[in-house]
Amino acid sequence: MSWAHTPTLTQYLIEERRRYPQASGDFNALILDMARACKAIARQVAYGALAKSNHAVTTTINVQGEEQKPLDVISNECFMRLTEWGGYLAAMASEEMDEPYLIPEQYPRGRYLLLFDPLDGSSNIDVNVSVGSIFSVLRAPEGKTEITVDDFLQPGTQQVAAGYAIYGPTTMLVLTVGRGVVGFTLDPDFGEFMLTHPNIRIPESTKEFAINTSNARFWEPPVKRYVDECLKGKTGPRGKDFNMRWVASLVAETHRILSRGGVFLYPRDNKEPKKPGRLRLLYECNPIGMIVEQAGGRASTGYGPVLEVQPTELHQRIGFVFGSREEVERIEQYHNDPDASPVDLPLFAERTLFRDETL
């Protein structure tokens, strides 16, 4: 296929920079180096089981209490090493690191902060399901020489850019710099990200939802109500049939919703009452939330806009609902309406369609 008239990522960023003649070019350099990191990770992911013989990495437990797979560690190193040297970052933080990583003294420090989940969905590597990398860019405080955790605790509305790479049948980079959402496909012959999706928009309505129903017994009443109404289909209050999806890879779920609409729910529940949610606010919810909002969708905690949440911890978790605007607003309404009464779930409640009729 000829790419003669298809802009590259570099060309796209140059065109965006021309809108701001006073810009230094540091931001473009940061995005391009993150794209390089994503290319390197894509190559490692593509090796699959063959990469194990090349990388003897000891399995460890990260700050989240989760097992780090070898590719988690390798991907984290890719992001660090390919972005620390450029002079545009003051510090970075990763889901895989306990504390922020300050730019070493031998490199100049810049005015941006980088947060990232280096390999989202890595538990799916062994079954060859799409995985990805997620990143968020913030401004560092002006005039501050030593960056601390508090400097990263900015609400999602303060993000300068956000994006993700998805490593599947093709490698794609999806990016927002605050003016809509664009998608680039990696051309394996030329090694360039080419602009293939210039204006990604999420349909306002949908007939598809994604949730882990194994947690149904722990859901709050508004979530039970929403799912039950979807399951009742045409004969229920929604008057239409819904399809249900669940991949257990946030990047894969996001990409599907950006491609054809839908709603994703990983809500707060009662499984572990001390945890206000499962997904990480700074590394996952905020960047995905910015992308979704810029694509015309809605990103929420289930109660209100996720991008307006003031972070209190670097590795803070939160409930997350996003996707087609109409569905997310309905879920918010169910949470915020004090008169909303819970609806029994025929498929998931204690008395189910599969109950023992002799009892």
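**Helix H6 and its context**

A: In helix H6, the buried residues are Leu281, Leu282, Tyr283, Glu284, Cys285, Asn286, Pro287, Ile288, Gly289, Met290, Ile291 and Val292. Buried denotes under 20% relative accessible area, exposed over 50%, and partly exposed the range in between, with a 1.4 Å probe and protein chains only. Helices (H or I, at least four residues) and strands (E, at least two) are DSSP runs numbered from the N terminus. The model is predicted, so local features require pLDDT of at least 70 and side-chain atom pairs pLDDT 80 or more, while totals for chains, interfaces and linings use all residues. Residues are numbered from 1 along each chain as its sequence is written, and side-chain values use heavy atoms, without hydrogens or water.

H6 spans residues 281–294, and because 12 of its 14 residues are buried, the helix is largely enclosed by the rest of the structure. After H6 comes glycine 296, with a positive phi near 90 degrees.

Elsewhere, helix H2 (residues 26–47) packs against helix H3 (residues 70–83) at an angle of about 155 degrees, the axes lying 9 Å apart. Axes here are lines fitted to C-alpha atoms, for helices over the stretch in contact, and angles run from 0 to 180 degrees between N-to-C directions. H2 and H3 are therefore roughly antiparallel, a label for angles over 145 degrees; those under 35 count as roughly parallel, 65 to 115 as roughly perpendicular and the rest as oblique. The crossing of H2 past H3 is right-handed, that is, the near helix is turned clockwise from the far one by less than a right angle, anticlockwise being left-handed. Among the contact residues are Met34, Ala37 and Ile41 of H2 and Ile74, Cys78 and Phe79 of H3, contact meaning heavy atoms within 4.5 Å. By class, this contact has 11 nonpolar, 3 polar and 2 charged residues; Ala, Val, Leu, Ile, Met, Phe, Trp, Tyr, Cys and Pro count as nonpolar, Asp, Glu, Lys and Arg as charged, and the others, including Gly, as polar.

Glutamate 84 lies in the loop between H3 and strand E3 (89–94), and is buried at 7% relative accessibility. Leaving aside residues up to four places away in sequence, glutamate 84 touches Met92, Tyr101, Ile103, Pro104 and Tyr107.

Turning to charged pairs, the structure holds 22 salt bridges, each a side-chain nitrogen of Lys or Arg within 4 Å of a carboxyl oxygen of Asp or Glu. In one of them, arginine 260 meets glutamate 208 at 3.1 Å, N to O. Arginine 260 belongs to helix H5 (residues 250–260) and glutamate 208 to strand E11 (residues 208–210), so this pair ties together parts 52 residues apart in sequence. Arginine 260 is partly exposed at 47%, whereas glutamate 208 is buried at 9%.

Glutamate 332 and arginine 298 form another salt bridge, at 2.9 Å, N to O. Here helix H7 (residues 325–336), holding glutamate 332, is linked to strand E15 (residues 298–300), holding arginine 298, across 34 residues; both partners are buried. Glutamate 329 is partly exposed at 37%, and arginine 325 is partly exposed at 23%.
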